[in-house]
Amino acid sequence: MKLDLLNELRQQNPIVFNISNFVTVQDVANGLNALGASPIMSEEVAEADELLDISSAVCLNLGAFTQHQVEQIRTVGKLANEKHRPLVVDPVAVGAVAYRKQVATKLFQEFHPDVIRGNAGEIAALADVSWQAKGIDAGEGDGDLVAIAQACAQKLACTVILSGPTDVITDGTRTVKVMNGTPLFQVHVGSGDMLSSIVAAFCAVEDDYFEAAQTACLVFAAIGELITKKTPNLAAGSFTVQLLDALQLTTVDEIKTVAAYE
């Protein structure tokens, strides 16, 4: 695990271009900024080409979109591929809403994601594995999560992050599980979207996107766990504030004290 990538990220301050879910746009921007990256948020397709020229990575969130926004996502995704910018996609609720899966499937025919981050229901849907998803939540299923993540990675030829109490990160061949975290991530609506953009920031400083993805997951999960160890009995509001503080202040050495992965 290349935990020193966190220091590299903070030193380089990479610009991450985001098409965000309007529900969580502020969480994503603040989270990136606190960690040490520089967020750009855009809803205008006419500026996409110029913004991509100055960006080091791209994150596309499919959480809340209109037909107009789908066109922007398509354009930005294709430009990211053309300009060789690492591209992270968060396929929100594709396991729960058929239309969302249809849109995502068509988009992936027009551009290639380098990393996909989703919960079990979302990744199972993209891998065409039966699963009972529930909105943005993972839902319930009895499949092997590692096998599901690997199937998705192989099908779409990219690195896949299946987020949950244990994160599964795989490129279809190499696989890592990150066991850190806190249940408070589940009551902070923006935490998943924040992680997707943080993955993009790590991809900006590491050409091996599997390495970047697993490091991002460990850093984010370990920071969440450290917060709850330092301050027991936290609730959702206080956790949100402390998460931003910890993203800014937590050191690599502190992360190493709790890091749990295999």
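This is a predicted model: local features need pLDDT of at least 70, side-chain atom pairs count only at pLDDT 80 or more; totals for chains, interfaces and linings use all residues.
1. Let's start with the length of H4. Helix H4 covers residues 67-82, and at 1.5 Å a residue its 16 residues should span 22 Å; the end C-alpha atoms lie 23 Å apart, which agrees. Just after H4, have a look at His-84, which takes a positive phi of about 60 degrees.

2. Which residues of H4 are buried? They are Gln-69, Val-70, Gln-72, Ile-73, Arg-74, Val-76, Gly-77, Leu-79 and Ala-80. The cover over these buried residues includes strands E1 (15-19), E3 (57-61) and E4 (87-90), together with helices H3 (48-54) and H5 (98-108).

3. Next, H4 against H5. Their axes come within 11 Å and cross at roughly 30 degrees. Angles under 35 degrees count as roughly parallel, so H4 is roughly parallel to H5. The crossing is right-handed. On the H4 side, Gln-67, Val-70, Ile-73 and Arg-74 make the contact, and on the H5 side Tyr-99, Val-103 and Leu-107 do. By class, these residues divide into 5 nonpolar, 1 polar and 1 charged.

4. Finally, H2 (residues 25-35) and H8 (residues 191-203). The two axes come within 9 Å and cross at roughly 40 degrees, and the helices are therefore oblique to each other. H2 passes H8 in a right-handed crossing. H2 brings Asp-27, Val-28, Gly-31, Leu-32 and Leu-35 to the contact, while H8 brings Asp-193, Met-194, Ser-197, Ile-198, Ala-201 and Phe-202. This contact has 7 nonpolar, 2 polar and 2 charged residues.

Definitions and conventions:
Residues are numbered from 1 along each chain as its sequence is written. Side-chain values use heavy atoms; hydrogens and water are left out. Axes are lines fitted to C-alpha atoms, for helices over the stretch in contact, and angles run from 0 to 180 degrees between N-to-C directions. Helices (H or I, at least four residues) and strands (E, at least two) are DSSP runs, numbered from the N terminus. Angles under 35 degrees count as roughly parallel, over 145 as roughly antiparallel, 65 to 115 as roughly perpendicular and the rest as oblique. A crossing is left-handed if the near helix is turned anticlockwise from the far one by less than a right angle, and right-handed if clockwise. Contact means heavy atoms within 4.5 Å. Ala, Val, Leu, Ile, Met, Phe, Trp, Tyr, Cys and Pro count as nonpolar, Asp, Glu, Lys and Arg as charged, and the others, Gly among them, as polar. The expected span of a helix is 1.5 Å times one less than its number of residues. Buried means under 20% relative accessible area, exposed over 50%, partly exposed in between (1.4 Å probe, protein chains only).
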